[in-house]
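Please load the model in your viewer and keep the sequence panel open. The stops below are meant to be selected in turn.

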Amino acid sequence: MTRLEEQLDLLARARTLLPHSRAPYSAHVKLRYADGRESDMLLGGVFRRGAGITILDWRTAPLAEVFFAWAEGDEYELDFGDRKLEGVVLQRNFVRFEHGELVELSWPGGTLARIRGEWRPQEPAQLPRLLPRPHGQRARPASPVDVELDTAQRAVVELPPRETVLILGEAGCGKTTVALHRLRALRRAGNERFRAACIVPNEGLRRLTESLLHRLGLDDVETWTWDKFASKQARRVFPDLRRRESEDTPPLVARLKRHEAIRGALDAIAHRPPPPPDDEAGRRAKLAGREDLHALFGDRPLMEEVAVRAGLSLIAAAESVEHTRVQFTQSTEREYAHVDEERLAAVDGRAIDEGTPMGDAETVDVEDYAVLFELERLRAERARVAPASPSKYHCVLIDEAQEFSALELSLLGRCVSRGGTLIVAGDAAQQVDPAANFRGWETTMRELGAPEHRRAVLEVGYRCPPEVTEFARALRSEGGKASFPLVRFHDECHLAAWLVEALRDLDADDPTAAAAVICRTPQTAAQLARLAQMVVPANLALEGAFTFGPGAQVTCVPEVKGLEFDHVVVPDAAAGQYADTAEARRSLYVAATRASAQLVLAAAGTPSPLLR
């Protein structure tokens with residue numbers, strides 16, 4: 001029986017398991033076990049068994065590793081802990097369906113396509129590789145700050161010590177490098193009591209910044225993500241806050257709390273006297289505290305006014321009220337504190353409320369911190385007393401400043417001591433967090449309390465290859481389409497198989513290369529990381545968990561701000577992930593401009609309308 005005849009027979013049997021599916025599977029692997037038995041496994045979207053075949057879900061089935069990790073003729077071995085599976089891969093095939101009919105069969109040695117009812121040999125598709133860098137380009141500076149600054153960059157570093165500077169420029173022009181060199185110059189000009197902090201929006205950039213500061217001899221400079229910095233400041237000033245932060249704040253609630261429209265509601269609340277403390281110790285700041293959050297975000301008419309002014313759905317107000325109700329409800333552990341501790345434990349070891357509608361009981365949102373500081377300031381202003389002071393620094397460096405909301409910027413501006421200075425860096429084209437509600441650089445600097453400042457625009461890019469720079473600049477043009485080669489696949493299984501093989505080849509040919517697979521969402525990243533880890537030591541880099549240096553990182557767009565890699569693959573450049581919206585355009589811009597050697601765009605199905 002020929003390979004095609006075998007495949008047609010397998011298809012007939014697969015249709016008995018999935019009679020209504022127009023494409024019952026995407027790939028096929030034929031195995032010979034160690035005892036000589038042979039087995040056919042089809043990779044599809046669900047699990048089915050019968051008719052002498054097994055259909056596996058290629059995204060989750062452990063046995064799918066045989067298909068992704070081994071080639072035809074390879075001996076395989078899978079360890080399932082209590083048993084091992086070993087043998088030989090006899091066949092490894094891809095199939096493609098159109099209108100419910102099998103139209104293409106491909107394998108490492110060839111391709112057959114059905115054309116006008118006849119099966120004919122075709123030239124195999126030439127898929128791109130992740131190209132190993134020339135040997136002369138594999139040496140790199142010990143860190144991105146170990147570079148010679150150009151004239152424009154040096155001019156920023158050498159500005160007068162007390163001059164606040166806003167550093168702008170497209171991706172790869174050295175904004176972070178210049179900002180850190182400027183900070184070092186200020187540190188050298190200051191005295192031994194000089195205190196500085198770098199605030200960034202995500203953990204990956206914080207870790208990178210910390211390593212760069214170390215290279216510059218600035219180990220005494222604090223590095224913070226906004227969330228951790230705001231938490232520290234708020235808990236020092238508002239001691240009645242609950243220790244636990246919500247892990248499930250509804251996105252609409254987060255947007256409502258961060259929008260500048262909340263200021264009108266804060267002004268209304270500020271006219272009310274501070275509520276009494278809700279605990280026996282009476283621990284609270286003099287002019288604001290935890291109960292104010294209940295009065296503010298639990299007031300539905302007030303939240304509806306904010307939602308309307310912010311251009312949000314009234315659902316945001318309803319979710320805010322319900323979320324606040326849960327947050328101000330006693331946790332099960334506290335309610336039943338009189339019960340034996342052992343009897344309060346869930347069988348899986350988690351907190352009793354975790355994973356339930358009451359999971360956010362007795363929590364605070366990270367968005368609440370800046371809100372409380374602003375409310376306390378308004379009440380202090382009305383009482384004609386000094387507001388509570390956050391920590392003070394001689395210099396505050398804010399990187400990726402376009403990702404901070406109005407109240408967050410206002411609080412950061414208050415952290416600059418008298419006579420101190422700000423270093424602000426950003427790029428509006430890389431603004432990807434819609435909850436930040438970025439309103440332009442003049443507004444940003446005004447919120448920081450620095451309307452008078454020096455604006456420095458860096459115009460020379462150093463990171464990306466010319467073709468990537470051209471593509472990225474086209475993406476910046478609102479409404480325009482950008483031209484760049486796109487690898488198209490019939491379905492996600494085919495794309496994943498190509499990606500895994502490309503990463504394996506790069507790891508073999510250029511083991512010191514740093515590669516990133518940058519997905520639009522964490523869910524896609526987790527799925528592709530699991531498959532890649534079958535073949536190469538790929539790292540799932542979410543919540544800042546990057547392993548900087550050689551190897552493959554699988555991550556998503558919000559995680560990579562300020563980072564760079566030799567090779568970047570955008571595996572989901574399809575219409576479903578990158579629609580024709582300003583937010584999607586900026587996200588694709590961020591992902592593409594992380595590449596310093598090669599960018600590859602890939603998509604399963606319909607390509608993004610942003611691409612030409």
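**Before starting**

This is a predicted model, in which local features need pLDDT of at least 70 and side-chain atom pairs count only at pLDDT 80 or more, while totals for chains, interfaces and linings use all residues. Residues are numbered from 1 along each chain as its sequence is written, and side-chain values use heavy atoms, with hydrogens and water left out.

**Stop 1: the largest pocket**

Select P201, D227, D433, P558 and E559, which are the closest to the centre of the largest pocket among the 40 residues that line it. A pocket here is an open set of points on a 1 Å grid over the protein atoms alone, with protein on both sides within 12 Å along at least five of seven lines, and lining residues have an atom within 4 Å of a point. The volume of the largest pocket is about 1,700 Å³; a volume is the space filled by probe spheres set on the points, and grid points are joined across faces, edges and corners.

Next, colour α6 (226–237), α7 and α19 (582–592), each of which supplies at least two residues of this pocket's lining. Helices are DSSP runs of H or I with at least four residues, strands are runs of E with at least two, and both are numbered from the N terminus. Which helix gives the largest share of the lining of the largest pocket? That share, five residues, comes from α7.

**Stop 2: the largest cavity**

A cavity is a set of grid points where a 1.4 Å probe fits but cannot get out, and the count comes to four cavities of 30 Å³ or more. The largest cavity holds about 70 Å³ of space.

Select its lining: E260, F404, S405, A406, L409, A436, N437, F438, R439, T443, T444 and E447. Helices α14 (406–414) and α15 (441–447) each contribute at least two of the lining residues, and α15 gives the most, with three. By class, the lining of the largest cavity has five nonpolar, four polar and three charged residues.

**Stop 3: the second largest cavity**

Select K257, R258, E367, A370, V371, S405, L407 and E408, the lining of the second largest cavity. Two or more of its lining residues come from each of α7 (251–258), α13 (368–383) and α14. The space inside the second largest cavity is about 50 Å³. Its lining divides into three nonpolar, one polar and four charged residues.

Why does the second largest cavity lie between domain 2 and domain 3? Domain 2 (150–233 + 387–457) and domain 3 (245–382) both give residues to its lining, so the cavity lies between them. The domain bounds come from an automatic or database domain assignment.

**Stop 4: salt bridges**

Side chains of opposite charge can pair when their charged atoms come close. With a salt bridge taken as a side-chain nitrogen of Lys or Arg within 4 Å of a carboxyl oxygen of Asp or Glu, the count comes to 45.

Select K30 and E38, a salt bridge whose closest N and O atoms are 3.9 Å apart. Is K30 buried or exposed? K30 is buried, at 12% relative accessible area, and E38 is partly exposed, at 43%. Buried means under 20% relative accessible area, exposed over 50%, and partly exposed in between, with a 1.4 Å probe and protein chains only.

Move on to R96 and E98, whose side chains meet in a salt bridge at 2.5 Å, N to O. R96 is partly exposed, with 21% relative accessible area.

Then select R325 and E322, where the closest N and O atoms of the salt bridge are 2.7 Å apart. Both residues lie in helix α11 (residues 314–327), three residues apart, about one turn of the helix.

**Stop 5: E77**

Finish at E77, found in strand β5 (residues 75–79). Leaving aside neighbours within four places in sequence, E77 is in contact (heavy atoms within 4.5 Å) with W70, K84, L85 and E86. E77 is partly exposed, at 42% relative accessible area. Between the C-alpha atoms of E77 and E583, 506 residues apart along the chain, the separation is 45 Å.

Technical notes. Ala, Val, Leu, Ile, Met, Phe, Trp, Tyr, Cys and Pro count as nonpolar, Asp, Glu, Lys and Arg as charged, and the others, Gly among them, as polar.
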